[in-house]
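Thanks for making the time this morning. I would like to walk through how the parts of this assembly meet, and I will give the cut-offs as I go.

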2 protein chains.
Amino acid sequence: MNGAESLMRTARAAGVEVCFANPGTTEMPLVAALDSVPGMRAILGLFEGVCTGAADGYGRMLGRPALTLLHLGPGFANGIANLHNARRAGSPIVNLIGDQTTWHRDADAPLTSDIESLARPVSAWVHSVESAGELAAAGARAIENAADNQIATLIVPADCQWEEASGPARPAPAPRASEPDAAQVEAIADALRNAQSPALLLGRRGLSKAGLAAAAKVGARAACRTLGETFPARQERGAGILNLERLPYFPEQAAESLQNVDVLVTAGARDPVAFFGYAGVPSRLAAKGCRVLDLAPSAIDLVAALERLADLLPATGEAAPRSDAKRPEVPSGELNPASLGAALAALQPDDAIVVDEGATSGLPYFLSAAGAPPHSYMALTGGAIGQGLPCATGAAIACPDRRVIALQADGSGMYTLQALWTQARENLNVTTVICANRSYRILQVELARAGIAEPGPQALSLTDLRRPELDWTHLARGLGVAAVRVENADDFARELKRSLAEPGPSLIEALL
Amino acid sequence: MNGAESLMRTARAAGVEVCFANPGTTEMPLVAALDSVPGMRAILGLFEGVCTGAADGYGRMLGRPALTLLHLGPGFANGIANLHNARRAGSPIVNLIGDQTTWHRDADAPLTSDIESLARPVSAWVHSVESAGELAAAGARAIENAADNQIATLIVPADCQWEEASGPARPAPAPRASEPDAAQVEAIADALRNAQSPALLLGRRGLSKAGLAAAAKVGARAACRTLGETFPARQERGAGILNLERLPYFPEQAAESLQNVDVLVTAGARDPVAFFGYAGVPSRLAAKGCRVLDLAPSAIDLVAALERLADLLPATGEAAPRSDAKRPEVPSGELNPASLGAALAALQPDDAIVVDEGATSGLPYFLSAAGAPPHSYMALTGGAIGQGLPCATGAAIACPDRRVIALQADGSGMYTLQALWTQARENLNVTTVICANRSYRILQVELARAGIAEPGPQALSLTDLRRPELDWTHLARGLGVAAVRVENADDFARELKRSLAEPGPSLIEALL
């Protein structure tokens with residue numbers, strides 16, 4: 001077998017099943033090798049940001065890596081923005097990037113560039129192989145690294161793919177998460193007991209059902225607020241699940257929310273910082289005197305640590321708080337972010353996956369959906385827009401039996417609209433709701449926050465998406481996805497109900 | 001004035017007039033500053049690859065830089081692929097990238113990443129400023145670097161934009177190209193005189209009208225073949241202009257074309273190498289015994305060197321060869337790359353700018369257009385697909401009085417289709433012809449070249465753009481551009497004539 005086949009066999013034997021691909025000439029043997037391994041599924045994206053964003057969504061849902069297959073430096077570069085989001089989400093991904101043949105690299109051919117320099121900012125592990133014989137073992141190391149919830153990038157010169165190699169390699173089994181450190185959990189329990197105004201901030205596995213169940217006990221027993229990260233990679237939500245306070249986005253509001261907190265326990269979340277620096281606003285959001293204590297560094301079993309923490313706290317007799325099953329009425333009348341969010345929360349099916357890149361139009365939905373049927377909620381972790389449609393695509397590949405709902409701002413959606421084509425090709429159960437306010441609304445807010453009270457015509461033109469108006473129904477049809485436009489809440493609810501009941505992808509452009 | 005204004009005033013005073021922008025929160029003061037400087041035009045792209053590709057097209061046409069304004073690492077990353085092409089084209093560009101405030105960088109906020117590592121592979125010059133006071137001078141240095149036909153990238157923390165600064169700076173005047181080295185030109189003239197089978201390979205300024213006129217004399221006087229690079233950044237073509245042999249794309253054919261050449265003089269072109277490495281095919285295309293002589297290293301005035309070379313060669317009395325005015329008939333019947341190319345060559349107006357990302361569908365046009373009215377021809381210099389529509393957009397901004405024709409493959413066009421929206425907003429005179437063969441045809445060829453005679457279903461699925469069929473008429477309409485689909489040569493010619501006569505953008509989807 002050649003190097004490419006040894007790599008694909010290595011990946012498949014390690015449980016990898018999907019390859020999100022947009023290959024080129026330097027990846028041809030890897031493309032051919034996809035057919036040599038039963039059970040490896042190739043999924044084409046018409047732009048690399050679709051592939052990497054889909055791998056992110058897939059990884060968030062299944063906790064194990066997909067491959068991406070990308071073409072040299074420029075092809076990889078097109079995938080960087082969504083790898084940035086995936087890195088912030090802690091998603092496992094293995095990137096395979098073809099490179100010029102080993103003997104041709106020094107010729108500096110037109111497509112040659114410094115791939116490693118591009119890869120490092122988004123990869124925990126980067127390696128460039130030098131021979132076909134090394135490829136299977138390098139692939140195994142990439143998978144080991146990805147298994148640790150991070151991004152591994154393997155650069156593979158074309159000749160290392162086509163030359164003879166000796167069979168697959170086996171990655172070391174993923175290390176089990178360590179037991180919590182008893183002394184540290186004890187110290188945190190002590191701190192909570194003695195706090196005036198404690199809070200628990202959850203991220204990553206702390207936002208799983210098990211994590212939230214343990215956190216609910218901690219909250220009840222320590223009279224402790226329970227907060228969630230502003231932009232969670234994946235948070236379980238809905239009726240019967242602890243409803244977290246969401247840390248606000250703007251730093252003044254976030255700092256105000258935390259101002260009385262004297263002990264902040266982070267569990268899968270980082271010591272929180274502002275998304276951006278503003279004049280006179282500190283980087284850290286916790287109050288100056290606040291003690292910030294990390295319950296479980298990354299190698300530790302976070303859910304076990306939360307459970308142990310709950311066990312160390314006195315049972316109060318109070319039941320741990322959980323969201324009641326309570327959905328909004330299906331709204332009528334004007335269509336705006338509030339009525340759109342209420343309709344979605346009112347109608348979303350059991351066990352939905354909601355990918356929220358709704359930006360300024362998304363928050364009302366989040367508030368409305370606390371008592372909706374249990375569902376998974378995924379946000380824009382790294383702030384690199386263009387994540388929603390690809391992430392929804394990957395989540396739908398990962399979980400074909402669940403309905404995926406992409407709540408998508410129009411401006412951000414334009415970055416990676418090609419994802420709709422992949423949804424059509426794979427007949428994925430994705431309902432896309434475009435929040436069409438026809439502006440970069442957040443930038444209009446940020447201009448004002450930057451003290452630019454009356455922006456001039458050049459500045460205004462850069463935040464305005466009219467002239468011409470985008471028409472998402474045509475865009476979707478061009479990509480093979482059925483679409484409708486709605487202008488009031490009644491029509492939105494009707495079309496949403498229809499879309500949610502239909503197999504395959506469809507899109508609703510909601511004019512706000 | 002603040003740092004942002006000092007930078008914009010610096011750029012404007014140096015003759016910079018256009019800023020291709022897709023900004024975010026960390027660029028707000030720069031956005032506001034666009035309105036503080038008369039004569040600076042902001043042009044919004046709905047994806048960063050549109051901005052950088054447009055700056056490339058603008059730079060190729062005018063030989064002076066536009067600004068791009070991009071948002072942090074991920075926003076810049078979305079622009080890398082087209083910067084890669086611009087680097088290979090020798091286009092002058094100044095990238096401005098906002099960054100987190102200086103004091104907030106260490107907080108590692110969600111959008112923070114290593115921007116310099118991303119920027120270096122595509123930038124000849126990268127600099128990150130640390131204070132507002134430094135910004136104008138850094139901008140001047142960026143412009144000096146870009147003036148040397150290269151890419152300069154300036155990273156600007158948000159606080160350095162909004163804090164007080166002291167007025168603009170002035171870049172040093174661009175150094176004039178040096179006089180040719182007399183001894184070297186003499187030596188090359190000698191080599192040509194003594195060669196059995198000499199050839200002259202032109203690139204960059206050698207492909208300008210003046211360069212080609214001088215090259216024609218060299219060709220006539222030295223009985224020397226005149227060749228052009230496979231993928232020229234910009235080549236003047238048409239009736240009355242020297243028609244170059246185009247160096248073939250596939251290395252076997254290119255090497256065959258050069259096999260008897262014993263002296264190869266490069267003029268603005270590199271010692272030619274294969275686009276990709278293939279088993280048993282050398283990297284260099286020139287024959288083993290061939291002497292390759294560079295007429296003019298980059299600092300030298302290339303046109304002057306060509307003229308001096310011509311002067312040193314004996315006048316033969318033969319007129320320098322020039323293309324006759326000769327256009328194909330307007331074709332009828334089947335629509336295929338040949339009839340499409342013939343129709344375009346038959347109908348293109350005087351002084352057109354043709355941006356060719358037609359990939360496998362583009363070559364027949366090139367061959368047909370040698371005797372068309374004089375025009376500028378621009379190709380995909382770096383192989384990073386998704387360059388055509390943005391490049392056409394920038395060329396139309398640069399040259400509003402010329403008709404721009406984008407000959408665009410469907411697969412590549414999907415990477416940066418958002419460019420059509422900018423064409424509609426700015427009402428640019430661009431005719432886009434989509435060569436819709438609904439496949440990555442080149443990859444089907446490359447699979448076969450890689451010895452994969454019967455690709456399996458996974459491999460086939462990665463080169464096939466049906467299932468579902470892309471509909472470019474809907475895509476264009478969704479982006480505000482009028483579009484039609486044609487299926488035979490007669491309809492294509494009719495619609496092309498109409499589009500070329502109409503102001504503003506329009507698109508023709510040509511089913512091949």
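The contact between the chains takes 81 residues from chain A and 81 residues from chain B, where two residues are in contact if their C-beta atoms, placed from the backbone, lie within 7 Å. On the side of chain A that touches chain B, the most is given by helix α4 (residues 72-89), with eight residues; helices here are DSSP runs of H or I with at least four residues, and strands are runs of E with at least two, numbered from the N terminus.

This is a predicted model, in which local features need pLDDT of at least 70 and side-chain atom pairs count only at pLDDT 80 or more, while totals for chains, interfaces and linings use all residues. Residues are numbered from 1 along each chain as its sequence is written, and chains are lettered from A and ligands numbered from 1 in the order in which they are written.

As for symmetry, chain A can be laid on chain B with an RMSD of 0.0 Å by a turn of 180° and a shift of 0.0 Å along the axis, superposing by least squares on C-alpha atoms of residues with pLDDT of at least 70 in both copies. That is the relation of a two-fold axis, and 100% of the contact residues of chain A recur in chain B.

Within chain A, an automatic or database assignment gives domain 1 (3-162), domain 2 (182-312) and domain 3 (337-511). The C-alpha centres of domains 1 and 3 of chain A lie 29 Å apart, and their contact takes 24 residues from domain 1 and 25 residues from domain 3.
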